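Subject: Structure for you to look at

Hello,

Here is the structure we spoke about. Please open it first, then read the notes below.

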Amino acid sequence: MAKLHPMLQPYTPSDDSPWNWEKAAHLLNRAGFGGTAEEIQRVLDDGPDKSVDRLLDFPDAPADEESESDTPDLSDVEGYGKSFRDVAKKFAGKTEEEKKELRKELQRKNAEAIQATVGWWMRRMATGPYPLQEKLTLLWHGHFTTSARDERSARLMWRQNEVLRRNAAGNFLQYVRQISRDPAMLDYLNNQENRKAHPNENYARELMELFTLGIGNYTETDIKQSARAFTGWAHDGDDFIYRKFDHDQGQKTFMGQTGNFDGDDIIAIIFQNPAMSRYITGKLLIWFAYENPEPDINDNLAAAFKEGNWELRPILRTILTSKAFYSDKAIGAQIKSPVQLVVGTTRMLGVDSTRARGLVGGALQQMGQVPFAPPNVKGWPGGRMWISTSTLFVRYNTAVYLAGGAVLPQVDPGKLAKFIGRDKGRSQPVNFDPPTTGSPESVVDHWVALLIQRPIDDDKRKILIDAIGDRVTERSVKDVVQLIVSMPDYQLC
Amino acid sequence: MDKHVSTRRIFLQRGLTVLAAAPTIPAFLDQTVMALANPLDSHSTQQASGTDGKILVVVQLAGGNDGLSTVVPYADDAYHRARPAIGHDAKTVLKINDYIGLHPNLTAFKSLYDSGHLGIIQGVGYPNPNRSHFRSTDIWTSAQPEKAQASSGWVGRYFDNTCTGSDPHVGVAIGGQLPLAMQGERIRPLSFERPESYKYNGKDVAHYLELNKAESEQVASAAPVKPSPSNLYKPAQKKVEPITETDQLDFLHRTAMDAQVSSDEILRMTRGTGHQSGGAYGRDSFANSLQTVAAMIRGGLPTRVYYVSMGGFDTHAGERGRHDTLMKQMSDGIGAFWTDLKKNGCDDRVLMMTFSEFGRRVQQNASGGTDHGAAAPMFVIGNSIKQGVIGKHPSLTDLDQGDLKYNVDFRSVYASILQNWLETPSKPILGQQFPILPVVKA
């Protein structure tokens, strides 16, 4: 084993860099969607090592294998049945013709079924047993992007979501092989139409440009040859199928190697390219630690990724326990994604977001991140692209709303409604009942520690104390919490 | 009267002293001030002006507007054969010439045409038309059909190429989400559903403002950056160093200031617009959007392009009633908008264009509607447009898979507006030089 870069060596608490509330909260923000006071305290007590092990201890299995009841609740969707499991039962024993008819019927309420699936996923992020698994699933959803637009089947979108969950921390080579067979993906990137007679290059291109190598590490000829190798990889509406007669059995020359390659051969050759490991570890460093990671750190991590045969879990462990992860460059320097902002706020305030129905169709759309509706195949750009004058107001107002403030205005979901579904109910006021004990100073310090989780400027602290006034009342506490979630500091984690 | 004083102007009048003294100057304003102070100010950049600059208003008809029921080839037998149940006859259409007439409900359009303020471009489309709403909308709005996944729009690239600084006011889209057309690689224009939603909703606004103001030292550290063409006109360079919490906080404070200043302006301009405007607007959301745009034009917001959309054009079934209503809303809304602009002396500065992602199939379907098609007409409206009909009407018998063949590439229309109205070279924005049409008066 090559030696790990000093910044990737495990962080050990010291007088200069003690293990504290800020670092414990940081771990829960990045390896999940933010911690409650109890969760932060537990991490603080357990220390970084034990906590990371616990966070990484989730089964490499989809939610519905873990628990039969943990599937999207479709009972409100007309003609669907209680869950996708029920839907599968409807298909059993049917002829091809009947299946086709049934699919057509389900398609009528597809948008609503997708909306239910998005709701299920977001609840899982907020209250599910494995926050890191969901955080990774969100990362991979933006990486192996597939959008529900073009009326892509809700059932296939849900199944892809489960594929992302199963492989979230598993073996990346197996992951790429599985995603290359995923029906929703084959549909989204037109591999369904990739036939020997008329090759379609879309999947072959994105496999290299976005999923494995990054731009500049392959040629246009590589794309053409790779597309030939993926001909005939299709789905029959439910499952992956290999259409033998559509597959090009000829010789292909790809990245300097020649043979009668199929898709798996192409993937194997791509994995021999050092650019692949670097591309993926770079993405993980940005997602969990910080933007623009130093090339020497990333090269070192990429080498470890390759040596470990592309197992993701050990790499995730290295990142989450590293000195780099707990450095000043990392802590508090990430702009929360809209999903992180919404899920995190509900967790940290302990409010029930089921009343906030308008969020998916309205606020998340205006903030620029609706699960299952990434803007394009590149996924969400993230970082400062989340922030504009328009989105900042929506972000503030959404957080204020979740803290018991003004109800979000109902927004016309426009074309989004076509594939995400229209919200059935208006947003209701959120019940947020904070305790009202302590002095104005202690109330401010308490909520800053819970919500921002890092020290703030003394000037800002004074403004918040001033805002409470002389008397701590339910009203004044609520108001100050709404102010805290409207601070630039709260946009970061 | 302060209604013509734009935010930017307030700061510009006080000039560089503001930059030196004000602790809370928003990010876009200091860049603008620097741009003005810069002797190297390139001729290719355009200072948006609240009171005299030219303005483009883009109207999107989302869902695929039926071109043949909008500009009706009433004298063509093939039209009546293809549309026995939903066609319009020669008696009801508002005749433009002896071949075409406007939909009977386009009365305001007809008056605009008669007074020389409306042009019709026939048979607009693009090669290998796509019949998916999403894909075809992406093609029209990105103007990059070769890109499977475009990340910027044609108006956005116009902002990137010609506007200095990062003032988000250069573009304003009415709607919940910024449309791809307006999305630049560098500039992120404003978008809001209603002006009232473009503001902070919390109760304690005074403390909120204090918590969000930009720190004086943060501005001071940004000010010494020497303005030069390289840092003003290129997309912000990617920092190689990791971004720290302090950098991020600085950025967020500045954006929050930008947001607050523009929110105040926009709310002030649009408050009580119903009384000030001279147009008799309807109550539908399209009329509302146009009324808001007119208020912002009147108020002197330094905006170059406004974007408004109207939905519901996907008329697969029962087209007659629905499409008739849509035509009335479109025509009445736009009619009221122009009356408003004229009354307030802003009409000379504005040019409007309409587009839809595709027209519809020539042959009506079995449900009294029409399915997704291809080429369709576009409208251009304004005092400076060349009145009349541009381009040949596509043949109703020589079809491409049942659809009209296009005669005019939509990028030619964009190029003509970019060059002859917005006065900017179109090639850098559209990737190649498209033929210029006589859309704008010479």
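Start with a pair of residues in chain B: B:Ala173 has B:Tyr307 as its bridge partner in strand S8(B). Strand S6 (residues 171–174) of chain B runs parallel to strand S8 (residues 305–310), with three bridges between the two. Two strands are said to pair if DSSP finds at least two bridges between them. Helices (H or I, at least four residues) and strands (E, at least two) are DSSP runs, numbered from the N terminus.

S6(B) is covered on both faces: B:Gly171 and B:Ala173 are buried on one side, B:Val172 and B:Ile174 on the other. A residue is buried if 20 or more other C-beta atoms lie within 10 Å of its own, exposed if 12 or fewer, and partly exposed in between, with C-beta atoms placed from the backbone.

A note on the source. This is a predicted model, in which local features need pLDDT of at least 70 and side-chain atom pairs count only at pLDDT 80 or more, while totals for chains, interfaces and linings use all residues. Residues are numbered from 1 along each chain as its sequence is written, and chains are lettered from A and ligands numbered from 1 in the order in which they are written.

Chain B as a whole has 15 helices and twelve strands. Of its 442 residues, 56% count as buried. Helix H13 (residues 319–343) of chain B has 25 residues and spans 35 Å from first C-alpha to last, close to the 36 Å expected at 1.5 Å a residue (the expected span is 1.5 Å times one less than the number of residues). Just after H13(B), B:Gly345 has a positive phi of about 70°.

Is B:Phe358 buried or exposed? B:Phe358 is buried, because 29 other C-beta atoms lie within 10 Å. Its place is in the loop between strand S9 (350–356) and strand S10 (376–382) of chain B. Leaving out residues up to four places away in sequence, B:Phe358 touches several residues, among them B:Gly64, B:Pro129, B:Arg131 and B:His372. Two residues are in contact if their C-beta atoms, placed from the backbone, lie within 7 Å.

The largest nonpolar core has 256 residues, and those with the most contacts inside it include A:Val480, A:Ile484 and B:Met353. Such a core is a set of buried Ala, Val, Leu, Ile, Met, Phe, Trp, Tyr and Cys residues joined through C-beta atoms within 7 Å.

As for the two chains together, 47 residues of chain A are in contact with 46 residues of chain B. On the chain A side, the largest share, seven residues, comes from H19(A).

Last, the confidence. pLDDT is the predictor's confidence in each residue, from 0 to 100. Chain B averages 83, and 80% of the residues score at least 70. Over residues 1–25 of chain B the pLDDT is below 50, and it stays under 50 over residues 28–44. For the complex, the predictor gives an ipTM of 0.95 and a pTM of 0.85.

Regards
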